Amino acid sequence: MNVLIVGGNGGIGRALIEHLLADERVERLDATWRASTPPKIDDPRVHWHQVDPGLESSVAELAAGLPPLHRVIVAGGLLHDAKHGPEKTIRRFDPDFFLDSLRANTLPALLLAKHLEPKLRHDQHSAFAVLSARVGSIGENHRGGWYSYRSSKAALNMALKTLAIEWRLRLPHCSVAALHPGTVDTALSAPFQSRVPEGKLFTPEYAAGKLLAVVDQLGPENSGQFWSWDGTELPW
Ligand SMILES: NC(=O)c1ccc[n+]([C@@H]2O[C@H](COP(=O)([O-])OP(=O)(O)OC[C@H]3O[C@@H](n4cnc5c(N)ncnc54)[C@H](OP(=O)(O)O)[C@@H]3O)[C@@H](O)[C@H]2O)c1
């Protein structure tokens with residue numbers, strides 16, 4: 001298998017890489033980072049690329065140099081930055097942060113799908129999976145808040161559902177999936193971990209193993225669905 005991990009320098013992204021390198025089916029692993037320097041990994045199968053996944057020219061340049069792909073997992077994302085946290089109320093809504101959230105959480109999947117389509121079009125099974133978040137589910141939104149994150153993940157989910165419908169004919173061997181990793185102990189969740197019930201904060205290693213097991217179960221018949229880390233389906 002040839003694999004691409006976008007955001008391989010993040011908490012979950014790094015753990016995905018470690019799991020995949022222990023999988024003897026993996027022949028080559030391309031991984032991207034954007035701003036934070038990636039970890040040194042001593043394995044000749046790994047090829048790092050500095051890519052801004054929210055910038056079309058950067059994604060196009062990456063895609064041009066890649067081999068045919070069997071797994072693409074998009075593991076980057078944004079919940080908070082130095083100046084902004086998730087909005088508790090509409091009074092805290094900042095249009096610039098909203099647009100940054102779309103650029104980080106929604107745009108990469110669309111740009112990658114556009115430019116990687118030729119790499120995923122082959123006769124073997126392939127998967128295009130993107131880390132979304134349960135809070136992006138409209139059906140499960142009972143608590144409100146987090147306008148930018150929720151909206152950008154809901155938009156991501158719609159984009160993936162739409163892509164699955166388009167690719168059903170053109171890329172019949174490719175499964176498209178939105179994935180929820182659970183609450184995982186990374187920089188992204190760090191400010192919000194005090195509210196997590198005991199036993200529900202996963203290590204990145206645990207979450208990565210579960211997510212890869214879900215991706216391994218994907219087939220063309222279940223393309224275009226939203227999966228939780230434990231393999232249960234989530235409502236859009
Ligand atoms: N951790 C959780 O509890 C949790 C729960 C639900 C969903 N998720 C989702 O899982 C994914 C991975 O999160 P994580 O927990 O591994 O977070 P993390 O450790 O904070 O890693 C974030 C990743 O996103 C990249 N990134 C940050 N800002 C970005 C931007 N503006 N544009 C593009 N990429 C950006 C980072 O790389 P650079 O710094 O180099 O840009 C890094 O690769 C995200 O999509 C997140 O929404 C996480």
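1. Basis. Because the model is predicted, local features need pLDDT of at least 70 and side-chain atom pairs count only at pLDDT 80 or more, while totals for chains, interfaces and linings use all residues. Residues are numbered from 1 along each chain as its sequence is written, and side-chain values use heavy atoms, with hydrogens and water left out.

2. The sheet. Seven strands form an open sheet in the order S3-S2-S1-S4-S5-S6-S9, with parallel pairing (two strands pair if DSSP finds at least two bridges between them; strands are DSSP runs of E, at least two residues, and helices runs of H or I, at least four, numbered from the N terminus). S3 and S9 (225-228) are the edge strands, each pairing on one side only.

3. Strand S4. S4 (residues 71-74) is joined by four parallel bridges to S1 (residues 2-6) and by four to S5 (residues 126-131), also parallel. Ile-73 is the bridge partner of Ile-5, and Val-72 stands opposite Phe-128 in S5. Arg-71 and Ile-73 point one way, Val-72 and Val-74 the other, and all are buried (under 20% relative accessible area; exposed is over 50%, partly exposed in between; 1.4 Å probe, protein chains only). In a regular strand, side chains alternate between the two faces of the sheet.

4. Helix H2. Ser-58, Val-59, Leu-62 and Ala-63 of H2 (residues 56-64) are buried. They lie on the same side of H2 because they cover an arc of only 130° around the axis (taken from the directions from the helix axis to the C-beta atoms). Ser-57, Glu-61 and Ala-64, on the other side, are exposed.
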